[in-house]
Amino acid sequence: NNMGFKVRTSLRRLVRNFNFTNFTGQEEEPLDHTRTIFLFIAVPSRQDVEEYRNIEEEVHRTISMINGRFSTIDHQPIVYIHRGVSIDELAALYARADCCLVTPLVDGMNLVAKEFVAAKDKAVENVVPGTIVLSEAAGAAQELFDALVVNPYDEDAVADAIHVGLELTKGTVLDEESRWEVTGRMRKAVMQNDAQTWAAKLLSELQKCVGEPSNSSAYPCGQKQIGILPDFTARFFFDTAPGTKAIFFDFDGRILKEDHEESDGQPPPLFDEEDHELFAGLEARQDLHVFIVSGSTKDCLESCFGQYESFSLVAENGFFLRKPGASQKWRPFCPQSSIDWMAKVLPVIELFTRCTPGSKYEKKATSIIWDYSGCDDEYGTFKAKELMHLLALSLGNLPCQTMESSDSCLVEVKSLQVKKGLAVRMLCLLQEEAQEQFAEVLCIGDDDADESMFIDAPQSAYTVKVGLGSTSAYHRLPDVARLRHFLSILVKGKAGLGTTSIINGDSIAVFKSIDERAYTVNAVAEADDSEGDPLAFLQNEEQESAEHR
């Protein structure tokens with residue numbers, strides 16, 4: 001029975017040192033330390049390690065100094081328990097404490113903070129509401145949003161937070177119901193996201209994979225299954241099809257070369273002979289407009305596609321445009337965009353580059369990219385998350401967004417006013433204004449930066465995601481080989497089998513495109529036996545597709 005005393009409970013390993021003299025707040029408005037108890041439970045750990053023994057001795061000396069200075073006949077400010085404590089005793093201390101101090105310098109999740117909150121059950125007699133002073137280095141700080149999060153290296157800030165925490169629970173700032181409301185929100189977050197809930201969710205996601213068809217590996221658990229782009233779709237882009245067609249093709253240096261092998265330790269060429277044949281075939285088409293839409297710089301696109309004069313090049317996600325023709329020059333395509341936010345972001349990126357060995361950054365016209373692919377894997381990932389968190393706190397309402405690609409080891413900050421989808425939309429609108437609206441539009445991409453293309457493309461467009469991952473596209477091609485195959489059909493103006501099938505015993509399970517086309521085994525067989533146009537049996541489906549779109 002604490003007789004109304006304010007009790008602070010801290011359960012920390014002895015390796016976490018703290019300047020206890022700040023508890024009294026001597027330079028600020030002091031707490032009444034004669035009515036405040038700091039209950040310090042330190043379970044002995046790693047006593048065979050000399051550094052631990054040295055820290056233990058320092059803690060003992062500090063506690064003795066504080067108690068010698070501030071103790072009275074009937075009060076001792078620090079109660080130090082240096083032994084193991086039973087779970088029942090610990091739960092009781094949690095339940096009666098007004099504030100819990102959890103200030104690790106480096107930590108993982110830290111269950112102490114969650115245990116403290118879990119013990120605050122309002123329905124149990126003699127339990128009081130409580131607050132937590134929680135280190136920002138603890139993982140629990142990402143869940144306990146009502147905790148008083150502090151920088152554990154800032155002793156003054158920690159002391160202030162302790163004062164605030166005690167005022168919230170024992171002062172006049174909040175009434176009893178409001179105190180329980182704050183404590184209740186944290187307890188609800190802990191109780192609803194416990195280990196059992198996590199395990200149940202994991203098993204549920206795994207269960208979704210049971211009984212999937214043999215191709216289910218193409219779709220990770222929980223991801224929507226979209227139709228594989230049928231080969232016959234290329235017919236709408238043949239030179240014999242009416243109207244002007246357009247292909248918006250993402251380029252980031254990977255989409256057509258990911259399966260090229262290295263030779264003699266040298267990096268593979270960007271494009272091989274097959275790729276250049278495809279590009280040459282596309283360039284030769286008078287009825288087809290090809291747009292290379294990329295986040296790369298102008299110089300990069302010029303070096304890769306400058307020889308194809310009929311291609312329109314869109315650099316830096318739509319900020320620059322070079323129209324077809326050898327005499328055409330680059331010009332801004334989104335001149336109204338603001339990049340004033342760069343002055344605030346660049347110093348932060350430079351600081352992280354200096355502090356993270358192996359990292360580098362690239363500044364473009366509308367984005368800044370931090371590359372940590374050359375860092376130690378674990379340390380690079382840790383610094384990337386730290387950078388993302390810092391930018392999220394500091395950028396506020398600025399017209400930019402931060403994206404991380406863990407596969408490419410990149411953190412990119414880019415303008416919200418410049419994106420590939422806006423470029424696609426503007427180019428289609430310009431074509432309409434010229435009274436030459438595209439009869440068919442095809443958008444192809446392979447990463448998150450291309451999702452805006454899929455979203456902002458004309459409603460009738462064919463949008464295609466290459467590879468795995470969640471997407472807003474209507475169609476998917478599983479890999480680069482299938483992309484080359486499809487482009488080859490488009491260039492040559494002819495195709496073989498018009499669908500992609502999976503044979504399971506005596507039946508054929510056929511992928512469906514977005515308009516729910518379905519082809520029977522007989523139809524496939526008739527197409528296979530056809531001596532004429534291999535796509536002749538699809539003429540009815542072509543009409544149905546046009547009506548659907």
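This is a predicted model: local features need pLDDT of at least 70, side-chain atom pairs count only at pLDDT 80 or more; totals for chains, interfaces and linings use all residues.
Which residue forms a salt bridge with Asp-275, and how far apart are the closest N and O atoms? The partner is Arg-484, and the closest N and O atoms of the pair are 3.0 Å apart, where a salt bridge is a side-chain nitrogen of Lys or Arg within 4 Å of a carboxyl oxygen of Asp or Glu. Asp-275 lies in helix H7 (residues 273–283) and Arg-484 in helix H13 (residues 480–492), so the pair ties together parts that are 209 residues apart in sequence; helices (H or I, at least four residues) and strands (E, at least two) are DSSP runs, numbered from the N terminus. Both Asp-275 and Arg-484 are buried, a word that here stands for under 20% relative accessible area, while exposed stands for over 50% and partly exposed for what is in between (1.4 Å probe, protein chains only).

Residues are numbered from 1 along each chain as its sequence is written, and side-chain values use heavy atoms, with hydrogens and water left out.

Side chains of opposite charge can pair when their charged atoms come close. The structure holds 17 salt bridges, and one of them joins Asp-146 to Arg-185, with 2.9 Å between the closest N and O atoms. This pair links distant parts of the chain, since Asp-146 sits in the loop between strand S5 (131–135) and strand S6 (148–150), while Arg-185 belongs to helix H5 (residues 176–192), 39 residues apart. Asp-146 counts as partly exposed because its relative accessibility is 28%, and Arg-185 is likewise partly exposed, with a relative accessible area of 40%. A further salt bridge is formed by Asp-287 and Arg-285, whose closest N and O atoms are 2.8 Å apart. Here Asp-287 counts as buried because its relative accessibility is 14%, and Arg-285 is buried with a relative accessible area of 9%. Returning to Asp-146 and Arg-185, salt bridges that share partners join these two residues and Glu-181 into one network.

In helix H2 (residues 87–96), Leu-90, Tyr-94 and Ala-95 are buried. These residues cover an arc of only 135° around the axis, which puts them on the same side of H2; the arc is that of the directions from the helix axis to the C-beta atoms. In helix H8 (residues 298–305), the buried residues are Leu-301, Cys-304 and Phe-305. They lie on the same side of H8 because they cover an arc of only 75° around the axis, and on the other side of H8, Asp-299 and Ser-303 are exposed.

Helix H1 (residues 50–70) contains Ile-66, which is buried, with a relative accessible area of 5%. Although Ile-66 and Ile-78 are 12 residues apart along the chain, their C-alpha atoms are separated by 7.8 Å.

Two loops hold residues with a backbone angle worth a look. Asn-126, in the loop between helix H3 (111–118) and S5, has a phi near 70°, a positive value in a residue other than glycine, and Asn-126 is exposed, with a relative accessible area of 53%. Asn-317, in the loop between strand S10 (312–315) and strand S11 (320–322), has a positive phi near 60°, again in a residue other than glycine, but Asn-317 counts as buried at 5% relative accessibility.

On the surface, Trp-198, Leu-202, Leu-203 and Leu-206 form a nonpolar patch with about 460 Å² of accessible area together. Patches are made of residues with over 30% relative accessible area and no salt bridge, like charges being joined within 9 Å and nonpolar side chains (Val, Leu, Ile, Met, Phe, Trp, Tyr) within 5 Å, and accessible areas come from the Shrake-Rupley method with a 1.4 Å probe, for which only the protein chains shown count as cover for residues. Trp-198 is part of helix H6 (residues 195–207) and counts as exposed because its relative accessibility is 59%.
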